[in-house]
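Here is a short briefing for a first look. Start with the sequence and the model below, then work through the points by topic.

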Amino acid sequence: MAVLDTGVRLTHADLTGRKEGYNVNTNSWESAGGQVSDLNGHGTMTAGLAAAKGNNAQGVSGMGWNLSFRPVRVSELSSGGTDIAKLTAAARAAADAGDKVISVSYSGVADPAVETTGAYVRSRGALLVWAAGNNSENHTGNRNDNVIIVGATDSANQMPSWSGRGQRLDFVAPGVNILSTTNAGNTSYGSSSGTSFATPLVAGLCGLIFSRNPGLSPAGVENILRASALDLGAGGVDDNFGYGLIRAGSALAMTTSATRTTHWATSVPDNAAWTNESYAAGAQTCDDCNSSACQYSTNSTNGNTTALTAADFESFTLPAGRRITKVELEVVARYNTATSANLGMRAFIPGGLDSGWRTTPTFTSGNTCAPRAGATGDITALSGNWTAAMINNLQFQVRRQSNLSNNTLRVVSIRLMVTTAPL
Ligand SMILES: [Ca+2]
Ligand SMILES: [Ca+2]
Ligand SMILES: [Ca+2]
């Protein structure tokens, strides 16, 4: 998702894993010198609500949990001010870059250029989400337009007097005293109020729905938001709360995974030919990291590089009428000494496609089950159009990458995830 705002604190510990930023004022991508640092602080807060990392023992969790976000700086002023022309240009740039959700925490949604831009964004398969404003705006018109307009609620599901509302309002989300990442430091957090902070929550949920089913249309995602919302105020759709308060759990429960992810093998294969392996006899198809008998270990330098083959995994059948769009390998491992290190993993077809070695993030492990570490890497190689026959020739390798003494790597489980889509 793209977060159009005042930039973002680039070094915040809870805003990792983002995508390349873009500066609309200088029309430049970060890699070409585009500046996306936060000039005001507003952008670091909205980014955190959309996408602060979940389950990382740090601070807060954004609605998007693990979704990456793209900071798009729309202002060069410490006040954070900008104009509709820059906002709409930035939204178009994000949609052109492939972003599926564009979150805008600025006023100005009533400008006709916003609706025109929303139509363009939808034509690119994406959604434009915009704040209703904090001046009790009454947005007249038709909410069945091309913009998702978001108002605020408080902890009692009441709308504060300042929140924008009206016939065009689509949804409400929490917007009073909302805790998020702040620009004061790399582990700083603080609360603020406004539809600015409700908007990235809705955008983040759109991202989660798209993530579960990338084949959905923008209207399909919005329909799920509508069907899953908690009705507030007058019964049914109304002009204060629109369709109501977004509900993430209900929305995701309603999202069928038309683009199916198959979890193909969920345990350490029992006939793997690992070099230098040592494991207890009888330990098979076990993924319990509490038991050393269940784990493969290696004492080889820089890890184990003997390939596993498809025969080591459960069989996979490509459903009729579908094609493989993505292949991912997930390895869960731990080290039996407390250290931090990372894993390398690779998938390849002998003599054919080769993902090359992919390095996981560094993690710390130890003697006990927790923390154990896993990593998922997209190992789709070269061409997106894999066939079932190609899958069945896949081989996998895992090795340790750094910081390990001998006999310390234990692989707890390996699984392959194949994402398919209609032909
Ligand atoms: Ca966090
Ligand atoms: Ca709308
Ligand atoms: Ca209602």
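**A pair of helices, a sheet and a buried face**

In this predicted model, the axes of helix H2 (residues 84–96) and helix H3 come within 10 Å and cross at roughly 5°. That angle is under 35 degrees, so H2 counts as roughly parallel to H3. The points below start with this pair.

**Contact of H2 with H3**
- From H2, the residues in the contact are Ile84, Thr88, Ala91, Arg92 and Ala95.
- They meet Ala113, Val114, Thr117, Tyr120 and Val121 in H3.
- By class, this contact has seven nonpolar, two polar and one charged residues.

**The sheet**
- Eight strands form an open sheet with mixed pairing.
- Their order is S3-S2-S4-S1-S5-S6-S7-S8.
- Strand S3 (28–29) and strand S8 (171–174) are the edge strands, and each pairs on one side only.
- Strand S1 (residues 2–5) pairs with strand S4 (residues 70–73) in the parallel sense, over four bridges.
- Leu4 stands opposite Val72 in S4.
- Helix H1 (residues 42–51) lies across S1, S4 and strand S5 (101–104).
- H1 runs at about 160° to S1.

**Helix H5**
- The buried residues of helix H5 (residues 218–228) are Pro218, Val221, Glu222, Ile224, Leu225 and Ser228.
- Seen down the axis of H5, these residues fall within an arc of 155°, so they line one face of the helix.
- Ala219 and Ala227, on the other side of H5, are exposed.
- The buried residues of H5 pack against strand S6 (127–131), strand S7 (148–153) and S8.
- They also pack against helix H3 (112–123), helix H4 (195–212) and helix H6 (248–254).

Note on methods. Residues numbered from 1 in each chain as written. Chains lettered and ligands numbered in written order. Predicted model: local features only at pLDDT ≥ 70, side-chain atom pairs only at ≥ 80, totals over all residues. Pairing = 2+ DSSP bridges. Helix = DSSP H or I, 4+ residues; strand = E, 2+ residues; numbered from the N terminus. Contact = placed C-beta atoms within 7 Å. Axes fitted to C-alpha atoms, helices over the stretch in contact; angles between N-to-C directions. Buried ≥ 20, exposed ≤ 12 C-beta atoms within 10 Å, placed from the backbone. Arc of directions from axis to C-beta. Parallel < 35°, antiparallel > 145°, perpendicular 65-115°, else oblique. Nonpolar A, V, L, I, M, F, W, Y, C, P; charged D, E, K, R; others polar.
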